[in-house]
There are 2 protein chains.
Amino acid sequence: MSNGASRPIEAGANESMTKGAAKPQRQRRGRRARHAAIASEQGPRAPYINRQIAAIDILTEEGLSVIEANADTILREIGMEFRGDPELLDILKDAGADIKGERARFEPGMARQIILSSAPKSFTQHARNPANSVVIGGSSTVLAPSWGPPFVHDLEGGRRYATIEDFRKLVKIHQMLPHLHHSGGVVCEPVDLPANKRHLDMLYTHMRYSDRAFFGALIGAERAQHSVDMAKILFGEEFVAENCVLYAVSNTNAPLVLDSAMSGALKTYARNNQAVACTPWTLAGAMSPCTVAGTLAQVLAEALATLALLQLINPGAPCLMGSFASTMSMQSGAPTFGTPEAAKMVLASGQLARRLGVPLHTVGTLSASKLPDGQAEQEGTLGLTMAMLAGANFINHATGWLEGGLVTSYEKTIIDADLCGKLASFFEGIDLSAEAQALDAIREVGPGSHFLGSSHTQAHFADAFYTSIASDSNSFEQWQADGGLDAAERANKTWKHLLDTYQDPGLDPAVDEALQAYMAKRKEEKPDADFY
Amino acid sequence: MSNGASRPIEAGANESMTKGAAKPQRQRRGRRARHAAIASEQGPRAPYINRQIAAIDILTEEGLSVIEANADTILREIGMEFRGDPELLDILKDAGADIKGERARFEPGMARQIILSSAPKSFTQHARNPANSVVIGGSSTVLAPSWGPPFVHDLEGGRRYATIEDFRKLVKIHQMLPHLHHSGGVVCEPVDLPANKRHLDMLYTHMRYSDRAFFGALIGAERAQHSVDMAKILFGEEFVAENCVLYAVSNTNAPLVLDSAMSGALKTYARNNQAVACTPWTLAGAMSPCTVAGTLAQVLAEALATLALLQLINPGAPCLMGSFASTMSMQSGAPTFGTPEAAKMVLASGQLARRLGVPLHTVGTLSASKLPDGQAEQEGTLGLTMAMLAGANFINHATGWLEGGLVTSYEKTIIDADLCGKLASFFEGIDLSAEAQALDAIREVGPGSHFLGSSHTQAHFADAFYTSIASDSNSFEQWQADGGLDAAERANKTWKHLLDTYQDPGLDPAVDEALQAYMAKRKEEKPDADFY
């Protein structure tokens, strides 16, 4: 494992410290520093993380071969079911799969060969603000917020059904958070809108209030087509024909089923050259074996079959291998997150994806906690850190997820975003420039003195370290004077501050009007319904 | 990087599932599972972690050489001061160091050569219960509780000065926690006892209420000798003469000073063949340069000089390279923990220690938070996870540390201990046995069904996954019915449960009496004092 840092290094190099530029160190309060850290969002920032620390290889070559051989065995002996869409079965049959009913079986190596021959290793998802476009693949990692919860939670309102107003607020908060890279998708489920039409309002909200990249609707060919149509209004038809501007996830129904709601969207996106993360979603013990090795083989089998299908539909279409594998309590049956088994599975999934030559999609700060408390952050920190160490290229639910995905927490969003920032800083690796080696500073200070007033410290105090947006590191007395707030109470103030200072990226009024007209037309076409 | 797991693996091997042994899955409440998980302490458990996942190499060979060359430059040009103990300067002079006043300068490579030629790569610290003896070195990791805080915090009592009663309670709680391996040292500072005598009561408390390994007193030759004397009463003179039974940390006064309080203890332990972790303690920006690379060079220089001194005092004495390097807020001057820079420093320190051929001592779940909240667990989780990924062999403050080391939190102790358990489980690596590959289970279940009732799940439900001792993964409704408690409130119940069910390991009454007589004699020798 090596540090890919390309900075020039030279042992004992003389530093040319910019002493003239030294500024006096000012004693500022942590809270003001936090707000300054968030405000830096408005300046230049990295649109995604470029990892300078190699991924962890948890499995040996031999171990990886075992998992791959077992996935091949699963696909040959058991196969995968593609339900409710005969066209897919024809496509697979033409490619050489053995089709019986809705079951497709694959000869060993067949699916892998299809994927290796056409899936891109890396691609760019464009944002309407080009500075926010994200590279997906290689050493890049893109962090997206919570996806899917029907509830939201904040300290004043408690746990409640989410509304489109919550959705709008979350999109604005996310847009203001410097450590997220993507506007996400269903940042919460706006259950006050008709279930069969709310995808339109969600897409519009991302397009209108954020200038980052975002998700297309995941479920069903029709809604996927609506997503593509609206993207064409936003980006222009020609641009969308030639570029990836939408990101979607296609979840299998583990074990070994892809249903037509998922495959319909997959087909639509693939044919429009938009990105799909083919993501087996499994709780080991329920939807896959209660072992890491067994779950990995099943996850790989499902990913291989789905990715092969996608590449057969449109060779070269952007895609990712997804892995959302967690565990359950074998005592209570409850889903569990941030577990050691989930950590092992995501690290191994990263290796499997790299061998398949496709980027890895996975999940971040998952927690079963009901509150933005110590459990939430212990589980979430272990989860996101391991996803990053797996070399994941796109991490969904990097912020805000509580209660096993039933809740998006406003406060956890802020605390998790701080972790995103810490990990981004960590993955910059170690700066070995002569200035960072700081030998002259050590010479200047000598034994028994301190570096606070040294010219090296003076020159670098402003950006020497990552500045937290959520932690309080002040003295007990200062913390008490500031109200004695815990992390969630401080985060409550922070998300309100972000909403209050939200900077609207604006939207061309003609585009806005066209989007609204499109939505109105779609909504008129059918009655409201409470189901998808 | 490879998984060192030595289990036999075979792709697609037939599993011989013990179907006769299958038990019906019972729906139990998470709380009962937690208590069951803690109760398993009473059964066999691993006395330390044997890591099956390789450490992260954050620096290349070239990068490591730069840091090592800079450390050599520091020791040659600037040197290190050994204050208040002329004997040390004579020892260093005899070995070839250049001595001017209290300053010792070393030719490049000299200190490293001394260490490489005699320091053991690995050793055992014995506990009075041999089942609890710990290996320190190689792939082993030993987790010890919070060290040093003058305050304690719990939900009812709030933040208050610690007493010997707190000390006793914490030792008993730690003894009951299955995921700690060591009884530690100053688990809190019992400020109700005279400062110049309380080390005796602390030593006695570990010896009496825990049967795990423990620390000797860190400060001053006299107290180190008391520690050795009491260890001889507990273990027998002969055993102590031939075995390591005490663990101590010798902190430098960064930058580049070792004072006589620390070197006095170091000398005493080294001459008695007891373990010393030579640990530069630094907050980058204050006690070392405000850069990772600069701090690493200084840390290595201080460790090299101190370890060389120790090996000159007694070649072959057990020792560790220590690294306790964190950061500070350059805005407020407050110490900061669980930061990205600290993560980089501990990973690089692990590499530097391995090249030096000595085990690595470092620190765990540090946090500047005032409460056992989301900040505490985010900072703590990042810190302990990175320490483990650094390949650290001994991790102090693995549990309970709050407020930058001013507070030991009863509740955080429990929540952190759960993280210790999760990481222990994670570092077992991936089981690739035929049974774990679970191909027959996948065959049995097939597409679209579930694994809950499969014979494989039934056979493994009891131990398939790590069982959390602090998380609540139940449904919102069940959690509400259980009182709607956050992680800290649940941990409050758990530490009380552990205290209530504390199992006294017992102590030979003659040994107990001898220890008490020794303490009484030492206490009579001098008046109480409020200073060391």
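1. Let me start with the loop at Pro255(B), which lies between strand S11 (246–253) and strand S12 (257–258) of chain B; strands here are DSSP runs (E, at least two residues), and helices are likewise DSSP runs (H or I, at least four), numbered from the N terminus. The peptide bond from Ala254(B) to Pro255(B) is cis, with omega near 0 degrees. This is a predicted model, in which local features need pLDDT of at least 70 and side-chain atom pairs count only at pLDDT 80 or more, while totals for chains, interfaces and linings use all residues. Residues are numbered from 1 along each chain as its sequence is written, chains are lettered from A and ligands numbered from 1 in the order in which they are written, and side-chain values use heavy atoms, leaving out hydrogens and water.

2. Chain A is worth a look at this loop too. A cis peptide bond joins Ala254(A) and Pro255(A), with omega about 0 degrees, and Pro255(A) sits between strand S11 (246–253) and strand S12 (257–258) of chain A. Leu256(A) belongs to the loop between S11 and S12 of chain A. Although Leu256(A) is not a glycine, its phi is positive, at about 65 degrees.

3. Next, a sheet in chain A. Four strands make an open, mixed sheet in the order S9-S8-S20-S19, where pairing requires that DSSP finds at least two bridges between two strands. Strand S9 (158–161) and strand S19 (401–402) of chain A are at the edges with a single partner strand each, so one side of each has no neighbour in the sheet. Strand S8 (residues 151–154) of chain A pairs with S9(A) in the antiparallel sense over four bridges, and Asp154(A) stands opposite Gly158(A) in S9(A).

4. Helix H13 (residues 410–426) of chain A lies across S8, S9, S19 and strand S20 (407–409) of chain A, at about 65 degrees to S20(A). That angle is taken between N-to-C directions on a scale from 0 to 180 degrees, with axes fitted to C-alpha atoms, for helices over the stretch in contact (heavy atoms within 4.5 Å).

5. Finally, the interface. The contact takes 127 residues from chain B and 127 residues from chain A. Together the chains bury about 10,300 Å², 66% of it on carbon and sulfur atoms; this is accessible area (1.4 Å probe) lost on putting the two parts together, summed over both. In chain B, Gln331(B), Gln378(B) and Phe465(B) lose the most area to chain A, together 8% of what that side buries.

6. Four salt bridges are counted between chain B and chain A, each a side-chain nitrogen of Lys or Arg within 4 Å of a carboxyl oxygen of Asp or Glu. One of them joins Arg443(B) and Glu77(A) (2.6 Å, N to O).
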